[in-house]
Amino acid sequence: MSRIQLSEKKNIALVCGGGGVKAACFHTGVVMALEQLGFAFAGGLKKDNGTKSIDEKPTISTYVGSSAGSFIASFLAEGGRIQDFSGAYRNKNLNKGELPPIRYRDIFSPRIDKALSLLNLDTLLLASFTKKSFQSPFSTEGIRRYMLSHILKTDKFSELAANLYIVATELNEPRKVIFGNRSNFDSAQMVEFRDDVSISDACAASMALPPLFHPWRIQIDRRARDFFDGEIREPLSDHIPQEVGCDLAICSHVSQPLWLRPEGGSFSDLGVQSIGLQALMQLLDKKIRSVRGTRRKERLLLKEVFKFFKEKHLDPKLCDELIDRLVERFEYNPTIDYIYIHPMPSDSQMFHMPSFSLKEEDAEMIIRKGYRATMMTLSRLHKSGGKVTVDAQST
């Protein structure tokens, strides 16, 4: 645990991972808790004098979204209030300004005539065994239309006062593509930044989870390029805040395996669905922890170099030069800190919640869990010597 001086952080990012409606609800609870803890959220349009920073409050002004996380990241970047976002999960008693409820027809937009017939298990199995190419029955067109109608004040990244980055994966080439107000390509990491795609197209591409949703096609440089889920190559994409110059990244994700104690039984008794979900969560969790571990080693290496020069009474200028070279070599930003917020490892209820439930009671339960997880993670938030600090796990 290390102390982070929030008052010294000038460019804070919120990173929202994927996981369907469940992830979107969890992120909602996280944002509600951050707001109550004193964080401000920059957003809106440049032409309307949208906020980039707010005095005397730690202000989140950079948003990164993958898959379902792109939905709430876009909402906040467009200047939306989290209180209004919660209306998307309710079926009645909407307050003025709240989003209208999201329906299954918004999430699952059929691609072909009589798509409902494909929901029949016999039809699906027959098509799988008799056709060389069985296409995904749904697209993300419905959720794109919902965003255009109810969330997006602008469809252009360049018109936002805040910084928004939406992550997708290219289908036909092994690369991650990050849509936003930036353009460059890292051939070594196979990561591409693009600034010539609309926000709605970027979100539709990022949320196209295979095999349920068909890849999303975007015309780029007079060429059709297909994209799918932004979590495929790398979950969470928490490297982006470092690359765009942030000094604090708050990362919210639901890729948390369930820890079953001996007295709680075994996954082998819970069925193939639970076993498959646990396998997926362990895979995603391993990738996230691997990246965090690499950053931790890099930070420890720099501390060891500094300690060595100090103990040996060597020239501090040479120490600074060596550290600068190591930072450049590793593409490492020593000034950035990370806070990770995720469900409790022992929360069986959260683990087994369906990913696409639109039941109001399910949404409210998950929002509360996101809220509580944030409060627990930042439970030592306090003022000391006139500075707001937080004890949190950072890399």
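A residue counts as buried when its relative accessible area is under 20%, as exposed when over 50%, and as partly exposed in between (1.4 Å probe, protein chains only). The model here is a predicted one, so local features need pLDDT of at least 70 and side-chain atom pairs count only at pLDDT 80 or more, while totals for chains, interfaces and linings use all residues. Residues are numbered from 1 along each chain as its sequence is written, and side-chain values use heavy atoms, with hydrogens and water left out.

The whole structure holds 13 aromatic pairs, meaning Phe, Tyr or Trp rings (the six-membered one for Trp) with centres within 6.5 Å; planes under 30 degrees apart are stacked, over 60 edge-to-face, and the rest tilted. F179 and F227 have ring centres 5.5 Å apart and planes at 75 degrees, so they pair edge-to-face. Five aromatic residues, F71, F75, F85, Y89 and Y146, make up one cluster.

Next comes the nonpolar core, a set of buried Ala, Val, Leu, Ile, Met, Phe, Trp, Tyr and Cys residues joined through side-chain atoms within 4.5 Å. The largest one has 74 residues, and L14 and Y63 touch the most other members. In soluble globular proteins, nonpolar side chains tend to be buried together. Across the chain, buried residues account for 51% of the 395 residues.
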